[in-house]
Amino acid sequence: MSHMMDKPAENPEEDTVSLRSNGKTDGAVKETLGMLKTFRNSIRRAAEKSPLSSSGGKGSKVTAKGDESGLKPPPSPSLSSGSPALSEEAEGSSQKSKGLARSKTDPNMTRFGDSLLQRGESIRRSLKFSKRNKDKNGNKELVTVAEGLKEEKEVVKEEEEVLEEVEEEVEEAYTLPEIPHTPLSVMQINKLIEMEVLEEAHLNLLALRREFQQERERCGDDSPMELAKKEKDLSLLYGGLRNKINTIVRDSNSLPSRNKALLVPVARIIQEEERRSEEPGGLPDSWMESWREAVGEGVQVKVESVHLEKREQNASWLAVHLGLLGQAIVEDLEKVKKELRWSYPPSFNVFSTYVRSYHRVVGQHLKKLEGQVTELKDLFALLDWIINRYKSEKIMGSPSLQPDMKDESADLQLEDGLLRQLKDKYCCRVKDDVRASLDRLIEIENKEVWTEKRTPEKDDEGLLTAHIDMDIWTNVKGTIMNSRRIDGELEQRVISSCLQELKLFPGRFETEFRRHCSALRPQPLWTEYQITYINSFTALQQHMEEHRAACPDEVEAFKKEVKLLTVRLGQDLEDQFKEEVKPYLRRMMTRKWLTSDEDFKQLLCRTELLSDHCSVMRPPHAQEFASRLHLHVAREYVGQLMKSNYSCKNRKHEKAAGKIRKEWGKLRDLFVEMKSTNEWLDPVGDDLSDIITQKNKSDIKEHLQPIVEHYPDFSKKHLVAVLYFRGLLRGREHQQILQRLSELKKKLGDGDAGDRSRVLFGDMQVTVNTDCLSNLPFSCLSFLLPDN
């Protein structure tokens with residue numbers, strides 16, 4: 001050996017570093033060789049005594065070749081010819097001798113051990129002085145480091161090709177390799193951990209732990225400094241080993257296949273430490289639980305690495321992120337299913353552990369996102385992803401993850417109350433958005449219609465419309481349909497939220513309408529606007545009726561508010577019409593009326609305009625509106641006869657009767673055209689005309705029955721007023737007519753007069769002309785008293 005070191009020997013390397021003898025002492029050379037021997041010995045042990053080795057069939061128990069009672073000494077670490085890494089004879093003898101038992105179904109162990117041998121040999125070649133081989137010509141040839149690296153690459157490539165072909169789980173049972181009698185130093189063990197020679201490091205840790213246990217038993221309660229120091233060293237080394245294992249596990253699904261080969265020894269170390277958990281010297285908490293936490297950390301790294309843009313940069317920031325997140329989950333679980341699971345024994349339940357970790361980590365991630373989400377579209381995206389997409393074929397239900405997912409839950413592990421909080425937030429946002437859209441609608445109506453005094457449009461049915469009902473209904477319906485895609489419970493809550501906000505809208509709209517358009521009264525445009533909004537809100541209320549089954553109380557409350565609005569707008573129209581026709585009606589049944597048609601023409605004109613308004617008003621409001629005004633016109637027109645303003649003399653009663661019949665006929669036809677429901681008012685004009693037109697006073701008695709039958713509330717005071725207009729002021733015929741009325745009412749029954757649905761004369765004010773009654777006896781006047 002000394003002779004060889006005296007001669008200069010070159011050993012070229014890739015990094016151009018060479019070791020040459022330059023006259024240094026033999027001691028320095030021997031020290032260098034000693035370091036190389038120790039490192040080579042560690043590599044050899046990692047190959048021969050790896051915890052990856054297992055024996056027996058499936059389900060065999062863990063066995064240890066060496067225990068505390070009697071261990072064979074480890075092979076000599078010297079660079080002797082007996083080393084299996086240097087001598088062909090050693091290789092032959094090792095084949096003959098009984099090696100470590102391995103699982104028949106564990107090709108990964110064999111490949112891993114062989115790989116370590118090859119890599120150790122390559123490293124040895126690159127670090128030690130190479131042997132000089134002579135060919136038959138005596139030429140010397142050096143084995144370069146480049147050749148060693150080339151061999152290593154070829155081995156790695158072969159390993160990867162074999163790994164692609166084999167997909168079989170590691171056996172549950174294993175055989176623990178022989179624990180060294182004397183452990184390496186703390187620094188050496190720590191170096192092995194750093195270099196990820198985990199099986200060798202763990203065996204030496206077990207040896208160190210055994211020494212600690214033996215010394216502890218000898219010392220008893222006394223704890224010398226050396227024992228405390230050894231316990232501290234154990235704790236530090238175990239902590240380093242666990243940190244290294246956690247790092248490997250965490251990165252195993254992100255880094256290339258470098259880490260995957262280390263997972264088998266990682267699993268065996270975890271199994272062995274779990275088995276020794278009750279023995280002193282180890283870590284107090286569970287290694288299996290630490291492994292699960294490492295898996296969760298790796299999952300968290302994956303989730304947090306998914307691209308997330310800022311809201312200001314992309315309006316669809318959340319939808320894009322959730323799409324990428326789902327894709328990353330599927331891809332990661334596919335790797336676990338196809339690759340990682342084969343590096344662990346079955347008891348680790350690798351795929352299930354990753355799935356549960358994703359449920360938990362993604363749930364925590366979504367909680368963070370919830371704080372950033374404010375807009376309705378983002379709340380929808382988040383809720384839809386949680387409730388529907390996560391469990392769908394897009395992610396956890398992906399065909400590529402089947403059938404491993406059939407026994408797994410597909411539900412996210414959300415923080416308590418998070419889903420309810422999201423739904424509450426969604427419904428509040430719906431209310432805010434609906435309110436904002438309704439306010440914008442009022443602003444648009446003011447800007448484009450009221451301010452511009454634009455004439456309302458007509459729909460396909462010829463009805464005035466502002467289209468606000470369609471705008472509101474479309475917006476609300478879209479919101480409800482979106483919520484239905486999430487789930488039925490949210491849909492019902494959204495319907496309720498929309499209707500609650502809609503309930504307040506009719507009052508707000510009316511306030512703004514009157515504030516901006518009150519100056520238009522009583523212009524025709526004001527009337528058209530009122531009819532338009534009666535129509536629009538009625539249509540909107542009818543649209544909302546489709547949600548009565550889901551939210552009956554809210555629909556009824558909204559209907560009530562719309563009813564109040566349409567009644568107020570309709571009452572304005574009625575009051576406007578009544579005010580317009582009032583002067584013309586007051587001049588009916590007068591001397592001027594008998595000789596002029598001007599006032600009736602104005603009354604007819606206003607009534608025709610009313611008919612036009614009813615034609616563009618949505619039912620049932622048009623019919624109700626026409627019916628109410630029909631009754632008003634009848635009472636006011638006929639009521640003029642009750643005021644005793646004029647008495648027909650000199651046979652003018654025939655002309656007056658004819659005029660009443662003609663005018664009432666025109667009014668009646670208009671209200672029929674308006675589809676008034678008060679058809680019972682139609683005969684009043686003819687009934688009164690028949691009484692007034694009779695040439696012979698005695699004949700009047702024969703024409704009282706129709707008016708009594710049609711209008712049970714027609715009384716003696718009303719007949720007195722009609723007779724006064726007819727010109728019959730007093731006399732025997734006058735009394736006989738009144739007597740006949742009493743007989744008819746008694747015969748037909750006065751009970752019908754109590755029917756308030758058909759009251760015409762009962763609400764009329766009757767003025768009794770005292771001049772015509774001044775010469776009558778009291779017996780005649782008694783007919784006019786209320787009791788009669």
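Colleague: At 41% relative accessibility, does K377 count as buried, partly exposed or exposed?

Modeller: This is a predicted model, where local features need pLDDT of at least 70, side-chain atom pairs count only at pLDDT 80 or more, and totals for chains, interfaces and linings use all residues. Residues are numbered from 1 along each chain as its sequence is written, and side-chain values use heavy atoms, with hydrogens and water left out. Buried means under 20% relative accessible area, exposed over 50%, and partly exposed lies in between (1.4 Å probe, protein chains only). K377 has 41%, so K377 is partly exposed.

Colleague: Which residue forms a salt bridge with K377?

Modeller: A salt bridge puts a side-chain nitrogen of Lys or Arg within 4 Å of a carboxyl oxygen of Asp or Glu. For K377, the closest N and O atoms are 3.7 Å apart. The partner is E375.

Colleague: Is E501, which forms a salt bridge with R435, buried or exposed?

Modeller: The closest N and O atoms of R435 and E501 are 2.9 Å apart. The pair links distant parts of the chain, 66 residues apart. R435 is partly exposed at 32%. E501 has 2% relative accessibility, so E501 counts as buried.

Colleague: How many disulfides does the structure hold?

Modeller: A disulfide is a covalent bond between the sulfur atoms of two cysteines. Here the term needs a pair of cysteine sulfur atoms within 2.5 Å. The sulfur of C428 is 7.1 Å from the closest cysteine sulfur, in C427, which is too far for a bond. The number of disulfides is zero.

Conventions: Helix = DSSP H or I, 4+ residues; strand = E, 2+ residues; numbered from the N terminus.
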